[in-house]
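Q: I have a protein structure open and would like to go through it step by step. Could we begin with the chain as a whole and then turn to single residues?
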Amino acid sequence: MFKNVGSNWVVTVASVVVVYFLTPFTIHRLGDDAYGTWNLINAITGYLGLLVLGVPMASVRYFAQHIAKGDDRKLNEAIGSCTALYLLLGAIALVAGAALYFFFVRGYHIPATLHGDARLAFALVVVFVSLGFIALLPNGLLSAHDDFVPRNVVRLWGLLLRVVLTFGLLLLHASLTMLAVVQLVCMVFDFWLCWLIIRRKYPTTRIRLADFDWSMTRAIFAFSIYVLVLNAGARLSFETDSIVIGAYMDVGSIPYFTVANSFIIYLMEFLIAIAAVVMPMATRLQTQGKKAELQEIFLKWSKIALSMTLAAGLFLIVLGPRFIAWWVDPTFERPAGQVLQILMVSYLIFLPMRGVALPMLMGLGKAGLPTVGFLVAGVLNLGLSLLLVRPLGLAGVALGTAIPNVLFAVLIFGHACRVMEVSILAFMRYVIPRAVLGAVPVLALLLWFKLGLEVRSLVELAVAGVAMTLLFGVMWVFYVCRNDPYIDLWSWLLPRLRAWGRV
């Protein structure tokens, strides 16, 4: 499991590095208005993704069940049923995209110089989203087989392709259309390479509409409705901010929010790297009746997720605004930095639940309360953002996101403990105290770098990051995980150090 999660983390780190280089380059090539319009296009068309009805997560759950039982016939029936659903939903997305096109054209004030480019880019992104449904199929199969390493090798090649195409095409012609073309090419590349791996490793696996089965389709669809509600809540929670800002402020203000939010999104991707492995594993362990192992995964990975969130989150809260000033532009430090700090405080509580508790509940089929809770949190997010955007601006939108996140995390925490039959007191005693106390020296070090040394340059920020990481590692080995029943790193490390000393 550590190997699979680790490979997901490698991809996430690589994605962060890619964003680090591409974001300022793209903003400077396009300008604030064009980049804000691009974010607006993605925010609006992102709602087309809800038409997938949660089939990807549902498919992984059913694929994993049939793989665990070794039933190739049922697996192929599930694949055929999902293929038919993807094709139907992709066609519906194209029609819905046409309606959203008129909403985009008439509902927002886009600078006149961007009209033609923005409209063509919008149409291409609609095509990208529609084709993206069927493109999800190989990814679900590889996840269900626990083939995260080869899957992530493909993703790394895809990131390299994205970098080359983005730099090359934007240098050739800086336009929103070029960004949309990059998305389409990268999606086709990813699908083709993943399917090639599946055909070579699992020759009995096939994609055929002839394997379509109504009973299998109904089962997948029934579970996917829960995931649809979950995705709707996620969309309202994380992807509507650009729409609100564009409607009540201006498109030129959107980049200040999205730059800050990008840090949070990629930190969440780092935690979702755990979720991608935990969910199918929870399904398999439930199928095999291994309750004790489920509880161990819940406790162990919740502690890991909390510690990682604290380490990265404290750096972003303390030094994140100064990094933004160096990375993009000094004018971004105050507005984007304030948004980053508000969001990150709430994510210290939200991310550990999103990374472990939520996917385990989905993998166990306990999707009812989380999906309804996420939808309510998304609606509350939208309502608070609309209420606070005028008096507080970007900070109000950030607060509108932060408050529902915390409430949802508390709800999921209590529900997961009940389902896993782990007492709340036992969870808190194992997961929280040492992780939080171990982060205190890390916070003190970061405050010293900020207030004592007044770090601002890239070299200074990098030194602060390395020093924080080393201190975090020491605290984790010698304190947070010392005598831990599941992850005692010191007991694992000590004999190896002794053996190394004798060499």
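Q: What share of the contacts with a separation of 6 or more comes from residues 24 or more positions apart?
A: This is a predicted model. In its protein chain, such residues account for 85% of the contacts with a separation of 6 or more.

Q: And how many helices and strands are there?
A: The protein chain has 18 helices and zero strands.

Q: What percentage of the residues count as buried?
A: Of the 503 residues, 55% count as buried. The chain exposes about 21,200 Å², and 69% of that area is supplied by carbon and sulfur atoms.

Q: Which residues touch the most other members of the largest nonpolar core?
A: They are Leu40, Phe63, Phe298, Met360 and Phe427, in a core of 142 residues. Helix α12, residues 291–327, gives the most to this core, with 20 residues.

Q: What does Phe63 touch?
A: Leaving aside residues up to four places away in sequence, phenylalanine 63 touches Leu75, Ala78, Ile79, Cys82, Leu137, Gly140, Leu141 and Ala144.

Q: New topic: is serine 262 buried or exposed?
A: Serine 262 counts as buried, because its relative accessibility is 15% and the cut-off for buried is under 20%. This serine is found in helix α11, residues 254–287.

Q: Which backbone oxygen lies 2.5 Å from a polar atom of its side chain?
A: That is the backbone oxygen of valine 259.

Q: Which residues form a nonpolar patch on the surface?
A: Val149, Val153, Trp157, Leu160 and Val164 form such a patch, with about 450 Å² of accessible area together. Tryptophan 157 has its place in helix α7, residues 148–172.

Q: What is the phi of glutamate 421?
A: Glutamate 421 has a positive phi of about 60 degrees, although it is not a glycine. Most residues other than glycine have a negative phi.

Q: Where does glutamate 421 lie?
A: It lies in the loop between α15 (394–420) and α16 (424–452). With 54% relative accessibility, glutamate 421 counts as exposed, because the cut-off for exposed is over 50%.

Q: And what about glutamate 454?
A: Glutamate 454, which is not a glycine either, has a positive phi of about 55 degrees. It lies in the loop between α16 and α17 (458–480). Its relative accessible area is 43%, so glutamate 454 is partly exposed.

Note on methods
Residues are numbered from 1 along each chain as its sequence is written. This is a predicted model: local features need pLDDT of at least 70, side-chain atom pairs count only at pLDDT 80 or more; totals for chains, interfaces and linings use all residues. Side-chain values use heavy atoms; hydrogens and water are left out. A nonpolar core is a set of buried Ala, Val, Leu, Ile, Met, Phe, Trp, Tyr and Cys residues joined through side-chain atoms within 4.5 Å. Buried means under 20% relative accessible area, exposed over 50%, partly exposed in between (1.4 Å probe, protein chains only). Helices (H or I, at least four residues) and strands (E, at least two) are DSSP runs, numbered from the N terminus. Contact means heavy atoms within 4.5 Å. A polar contact is a pair of N or O atoms within 3.5 Å; within protein, one must be able to donate a hydrogen and the other to accept it, and residues adjacent in sequence count only if both atoms are side-chain atoms. Patches are made of residues with over 30% relative accessible area and no salt bridge: like charges are joined within 9 Å, nonpolar side chains (Val, Leu, Ile, Met, Phe, Trp, Tyr) within 5 Å. Accessible areas come from the Shrake-Rupley method with a 1.4 Å probe; for residues, only the protein chains shown count as cover. A salt bridge is a side-chain nitrogen of Lys or Arg within 4 Å of a carboxyl oxygen of Asp or Glu.
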